[in-house]
Amino acid sequence: MNKLLLRQMEKFFGSGNSAPKELAPLFQAIGEAYDGFDADRRLIERSLDISSEELTQINQRLRKEVGERRQAEEKLQNSVSLLTATLESTADGILVVDRQGTVKGFNQQFAKLWRIPAALLATGDDHQLLSFVLDQLVDGQGFLDRVQQLYREPTVESNDLISFKDGRVLERYSKPQVLGREIIGRVWSFRDVTERVQAQEKQTRLLRELEQTSQRLERVNQELKDFAHVVSHDLKAPLRGIKTLAEWIVTDCGDQLPEEGREQLRLLLCRVERMHNLIDGILQYSRLGRIQEDKTPVDLNALVPEIVDLLAAPPAITITISEELPVLHCERTRITQVFQNLLSNAIKFMDKPAGRITVGCTGTEEAWTFHVADNGPGIDEKYHEKIFQLFQTLSARDQYESTGIGLTLVKKIVELYGGRVWVQSRLGEGSTFYFTLPRTQGEPHHERLQTSVAC
Amino acid sequence: MRDSRPVLLAEDDSIDAMTVRRAFRDLKVTNPLVHAINGEEALAYLKEKTNDRPCLILLDLNMPKMNGIEFLTAVKTDPAFKKIPVVVLTTSSEQRDVVESFRLSVAGYIIKPVDYRNFVEAMRTINMYWTLSELPDEKAEDPNAHNQTLVACGRSS
Amino acid sequence: MPTTKPLLLVADRPEDALTIRRALGDLGMAERMVHTPGTEHALAYLRCVTNEKPALILLDLNAAGTAGIEFLRAVKSDPSLGAIPVVVLSDSPQRQDVIQSFDLNVAGYIVKPTDYAALVEAMRIIQDYWSLSYLPAGPR
């Protein structure tokens with residue numbers, strides 16, 4: 001029997017067995033009902049337990065999910081921040097639009113480049129924005145046309161330059177915005193290339209000017225060349241005539257002429273010769289620096305003796321080369337002119353019965369220093385600069401036939417090569433002419449390298 | 001020269017012309033020297049039928065009105081005159097002048113020596129050569145003249 | 001003749017070539033002489049681009065045939081060869097040949113003396129003249 005019923009019966013009847021027998025089926029039914037209730041109650045409790053467990057589990061899962069979602073949101077937030085930061089730190093102004101042309105996003109640089117006021121930006125009114133933008137352009141219509149065209153062709157990438165009325169130039173780059181496999185819009189990027197464009201234009205202009213200058217120089221050079229040729233040729237022609245006629249007069253009437261007459265004719269012929277040499281000298285001088293020859297290795301040990309030979313000094317003058325001379329990489333005729341002029345001067349002005357001329361050189365890593373020394377009359381210090389000037393001679397031209405060009409040529413040639421020329425001399429003590437020539441890369445390797453001697 | 005016909009000298013410089021004349025005299029060249037001062041005059045001389053056809057033409061290149069090259073072009077395209085040998089006598093040593101002259105069939109290109117003595121020697125060489133060489137002549141040659149010049153050159157026939 | 005450039009001797013008959021060569025040799029000029037045995041060979045030589053163009057052509061015209069005149073015509077009408085002066089050497093002064101040669105712009109027509117000494121003398125005069133004269137520099 002059900003315990004509860006039993007307790008109730010004990011309470012009412014004193015003991016379990018004193019209850020009327022006719023009520024036994026009733027009590028049994030009640031007992032079974034109680035049992036049923038108990039069973040049900042246990043089932044319900046059981047259910048509740050299970051539900052409670054489930055709820056707890058669900059709760060836990062929910063909590064977990066919420067936690068994960070929060071994390072994901074944070075990450076997203078970080079990504080967005082990163083993206084925004086990136087967008088804002090790019091040099092380019094970026095505008096994102098969808099396929100209909102509605103503005104989806106942009107960075108500050110974009111607003112700055114297009115100088116869009118914050119208020120206008122805030123309206124989000126695309127039409128206003130567009131007209132604000134178009135107003136600044138040189139070719140607003142062209143800009144618009146291109147934009148329309150690109151909207152019609154969403155896959156096309158585009159790159160062009162946009163010119164502003166205020167002189168700025170933006171480079172515009174446009175690419176479709178793709179998500180997955182779908183084109184969802186277009187990204188425009190803008191960069192200020194005003195400086196670059198201006199620099200390019202300047203460069204083009206400078207190149208053109210350079211070209212023009214170069215052509216002009218070419219023309220001038222040719223004119224000078226023609227002029228020099230004409231000068232030389234046409235100035236010399238009458239000289240020939242004068243010379244020939246003078247010679248004929250001497251031949252035909254020489255013996256009829258008094259000594260004076262013959263002397264005058266001799267002087268005449270002398271002047272003609274001088275004029276001829278002057279013209280040649282001027283021509284040579286004008287050629288320097290204009291005409292460049294090929295540089296070749298020139299062995300001075302062979303060249304200088306050749307020059308000495310050519311000059312055919314009188315036997316009273318001895319010319320010696322005091323040490324081994326280098327092989328230079330230079331224009332042969334120029335270096336010949338230098339040595340020739342210096343040596344011929346030394347010979348021409350020699351006033352001693354036993355003339356001594358020496359040629360020598362010393363060298364450092366940077367340069368060769370050559371000298372031509374003589375025991376001639378010497379040169380007063382106050383003239384040491386003057387003698388290198390054009391047409392300067394120290395004696396009357398009738399004393400020593402001299403064009404006054406020789407040393408000028410030497411100076412010009414040496415300086416053209418980056419060297420220096422100077423003289424060390426005192427009246428009555430002979431002269432030493434020095435000149436330096438920087439050593440060049442083309443020079444053949446010369447083993448002997450003397451340390452420089454103080455000059 | 002081989003025959004006694006004149007030598008036509010086309011030269012604008014009067015002293016250069018005098019030089020040729022004097023050289024002829026010194027060398028005892030007996031050919032008359034006809035002096036034209038430019039190409040036009042030289043051409044006019046040739047065309048004038050009453051003039052003696054020259055046996056040789058000495059031609060300067062730089063002349064006014066009609067220069068040497070222009071004269072050469074005219075003469076060498078004219079069948080009446082193209083046979084006359086032309087020797088250029090000039091101051092120009094420009095290679096293009098030399099080439100152009102030979103393209104126009106000159107029979108020598110001589111640069112005028114500056115020195116008179118050398119000039120005479122050059123004339124001597126020209127005379128020796130054009131005495132040695134035959135010269136085209138439509139008229140019959142004078143056989144005596146031939147022998148005389150041979151003797152003058154020191155040659156035995 | 002300028003010793004830096006070759007001289008072309010065109011001679012049909014070997015004995016002619018020999019004599020002239022000997023005469024030139026006596027004058028010290030034979031080193032730069034090229035001899036072709038006939039006008040056809042000569043034309044071929046001149047036209048071959050690898051051969052150096054001569055500074056002067058000595059053309060030995062013998063009486064037989066018109067080959068010499070044809071050669072002259074061919075050379076003078078060729079723009080690459082027309083500037084080379086041609087000097088004719090011949091056995092006898094046929095007036096018609098002389099006129100025809102000068103009509104074809106030869107730069108001399110020399111009748112070869114039979115006497116060898118006189119021939120050497122003639123070659124010397126030729127040399128003096130063509131040394132004095134400038135010549136067009138051909139392609140080197």
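Axes are lines fitted to C-alpha atoms, for helices over the stretch in contact, and the angles between their N-to-C directions run from 0 to 180 degrees. The views below show a predicted model.

**View 1. Two helices of chain A cross at an angle.** In this view, helix α1 (residues 3-13) of chain A meets helix α2 (residues 24-89) of chain A, with the two axes coming within 8 Å and crossing at roughly 135 degrees. Because angles over 145 degrees count as roughly antiparallel and those of 65 to 115 as roughly perpendicular, α1(A) is described as oblique to α2(A). On the side of α1(A), the contact is made by A:Leu4, A:Leu5 and A:Met9, and on the side of α2(A) by A:Phe27, A:Ile30, A:Gly31 and A:Tyr34. Sorted by class, this contact has six nonpolar residues and one polar residue, with no charged residues.

**View 2. Helix α7 of chain A is hardly covered.** Helix α7 (residues 194-253) of chain A has 60 residues and reaches 87 Å from its first C-alpha to its last, which is close to the 88 Å expected at 1.5 Å a residue. Three of the 60 residues of α7(A) are buried, namely A:Arg240, A:Lys243 and A:Thr244. These buried residues pack against α8 (259-287) of chain A, and also against α1 (14-27) and α5 of chain B.

**View 3. The elements of chain B.** Chain B has six helices and five strands, and from the N terminus on its elements run β-α-β-α-β-α-β-α-β-α-α. Of the 157 residues in chain B, 41% count as buried. Among the contacts in chain B with a separation of 6 or more, 69% are between residues 24 or more positions apart.

**View 4. The largest nonpolar core.** In soluble globular proteins, nonpolar side chains tend to be buried together. The largest nonpolar core here has 80 residues, and those with the most contacts inside it are B:Leu59, B:Val86, B:Val87, C:Leu59, C:Val86 and C:Val87. Helix α5 (residues 116-132) of chain B gives the largest share of this core, eight residues. When its neighbours within four places in sequence are left aside, C:Val86 is in contact with C:Ile57, C:Leu59, C:Leu72, C:Val75, C:Val106 and C:Ala107. A second, separate core has 35 residues, including A:Leu300, A:Ile335, A:Val414 and A:Phe435.

Key: Residues numbered from 1 in each chain as written. Chains lettered and ligands numbered in written order. Predicted model: local features only at pLDDT ≥ 70, side-chain atom pairs only at ≥ 80, totals over all residues. Core = buried A, V, L, I, M, F, W, Y, C linked by C-beta atoms within 7 Å. Buried ≥ 20, exposed ≤ 12 C-beta atoms within 10 Å, placed from the backbone. Helix = DSSP H or I, 4+ residues; strand = E, 2+ residues; numbered from the N terminus. Contact = placed C-beta atoms within 7 Å. Expected span 1.5 Å × (residues − 1). Parallel < 35°, antiparallel > 145°, perpendicular 65-115°, else oblique. Nonpolar A, V, L, I, M, F, W, Y, C, P; charged D, E, K, R; others polar.
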